[in-house]
Amino acid sequence: MSTNIFQLASNSVPSVPSAEETVNTVNNWWNNPETQAWLFQRPIYIGLIIVFALLAHWILVRGINKLANHNMKNGRKKTPESRSESRNSHEIPEPDAEKLHQIALMEKSRENRRKSRIKTLSGVAKSAVAIFVWVWAVIAILDVVGINVGPLIASAGIVGVALGFGAQSLVQDFLSGIFMLIEDQYGIGDVVDLGDGTMGEIEEISLRITSLRDIDGALWHVRNGEILKVANHSSDWSIARFQIPVSHSNDQNKVWKVLTEAMSKAAADERCANEIMEAPEIQGASEFNPDYLSYRVSVITMPGEQWHVMRVMNGLIMNELAEAGIKTPYPYGIGIAGPGGEPLGRSQS
């Protein structure tokens with residue numbers, strides 16, 4: 001009985017492999033091509049792919065930056081001086097100083113616009129490069145580790161078709177963003193009105209979203225597919241439009257003369273002179289009301305600077321009219337008598 005128990009106990013103890021068997025096992029594992037591939041070949045290939053992707057990404061981004069900087073610095077073809085030379089060569093009269101100043105401001109506006117568009121396009125190009133390079137790197141790494149990428153790519157195509165039907169708004173946003181950039185509808189720094197009270201300065205543009213900050217500092221994010229119409233206040237030039245009401249009791253010929261002088265002085269003010277492209281144009285009395293006439297004046301300004309010009313010139317024009325004795329309707333408020341007790345309103349006119 002004891003002998004049987006001893007035999008059973010000896011049989012249950014696992015046999016310890018000999019040193020030679022252990023060495024052979026390790027050698028077989030080490031010499032296995034699959035082991036060599038996982039320990040050396042595949043890590044090296046993956047490392048090379050990552051290094052190549054990093055290098056390609058860096059080179060392409062650097063190339064895009066250099067191309068963008070080169071275009072921003074050397075893209076201007078003609079200056080006002082070169083235009084003057086071409087006029088002289090063709091015996092065309094030399095423009096006066098005011099016209100040259102206007103040409104210079106137009107060139108500056110277009111140059112700023114061109115630089116803004118280049119910055120926007122370079123940002124989109126860098127994003128596209130990053131997506132292309134790293135998607136390729138991921139596919140290459142999967143292929144190295146032994147995953148068949150053919151069915152994966154085919155599945156991705158099927159998923160893409162499904163997403164195309166299920167995420168039509170997303171596709172619409174991207175397509176709208178692409179056409180918006182190609183057509184140069186607006187760029188970073190432009191002041192635009194997108195309708196429905198959404199107006200502000202463009203801060204960021206992507207293929208899906210346009211971000212703009214309004215006058216109160218709120219940052220709006222608008223999907224490109226939802227932008228159906230755009231009013232760009234920063235394209236080439238803008239107009240500062242004034243409506244100046246004066247009382248009927250004034251001599252309207254005197255009003256025209258005083259208003260012409262007031263607009264000229266206000267336009268020459270150092271706070272806004274560099275933002276005005278043409279001399280103010282008085283277009284006459286555009287509104288005839290029972291208590292006053294309203295004169296319309298237009299000033300062509302640098303893009304997006306019309307509001308600053310209006311804020312500066314309004315106060316200066318009011319001071320000039322007051323000094324010249326030009327009366328405005330209801331100077332003390334509707335229904336409020338003046339210092340002499342005279343009633344105001346129509347009778348003041």
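## Ground rules

Because this is a predicted model, local features need pLDDT of at least 70 and side-chain atom pairs count only at pLDDT 80 or more, while totals for chains, interfaces and linings use all residues. Numbering starts from 1 along each chain as its sequence is written, and side-chain values use heavy atoms, with hydrogens and water left out.

## The whole protein

Let's start with the overall parts list. You'll find nine helices and eight strands here. Both are DSSP runs numbered from the N terminus: helices are H or I with at least four residues, and strands are E with at least two.

The protein has 349 residues, and 29% of them are buried. Buried means under 20% relative accessible area, using a 1.4 Å probe and protein chains only. The accessible surface is about 22300 Å², and carbon and sulfur atoms hold 60% of that; these areas come from the Shrake-Rupley method with a 1.4 Å probe.

Now for contacts, meaning heavy atoms within 4.5 Å. Take those between residues at least 6 apart in sequence: 66% of them join residues at least 24 apart.

## Two hairpins in a row

Strand S2 (residues 199-205) pairs with strand S3 (residues 209-213) in the antiparallel sense, over four bridges. Pairing requires DSSP to find at least two bridges between the strands. The two form a hairpin with three residues between them, and Ile-202 sits opposite Leu-212 in S3.

S3 also runs antiparallel to strand S4 (residues 219-223), joined by five bridges. Here Arg-213 stands opposite Leu-219 in S4. This is a hairpin too, with five residues between the strands, and Gly-217 in the turn has a positive phi of about 90°.

## Where two helices cross

H8 and helix H9 (residues 306-323) have axes that come within 9 Å and cross at roughly 140°. The axes are lines fitted to C-alpha atoms over the stretch in contact, with angles from 0 to 180 degrees between N-to-C directions.

Which residues meet? On the H8 side they include Val-258, Leu-259 and Ala-262, and on the H9 side they include Met-313, Leu-316 and Ile-317.

## A look at Asp-269

Asp-269 lies in the loop between helix H8 (252-267) and strand S7 (281-288). With a relative accessible area of 18%, Asp-269 counts as buried. Setting aside neighbours within four places in sequence, Asp-269 is in contact with Val-312 and Leu-316.

How values were computed: Buried means under 20% relative accessible area, exposed over 50%, partly exposed in between (1.4 Å probe, protein chains only).
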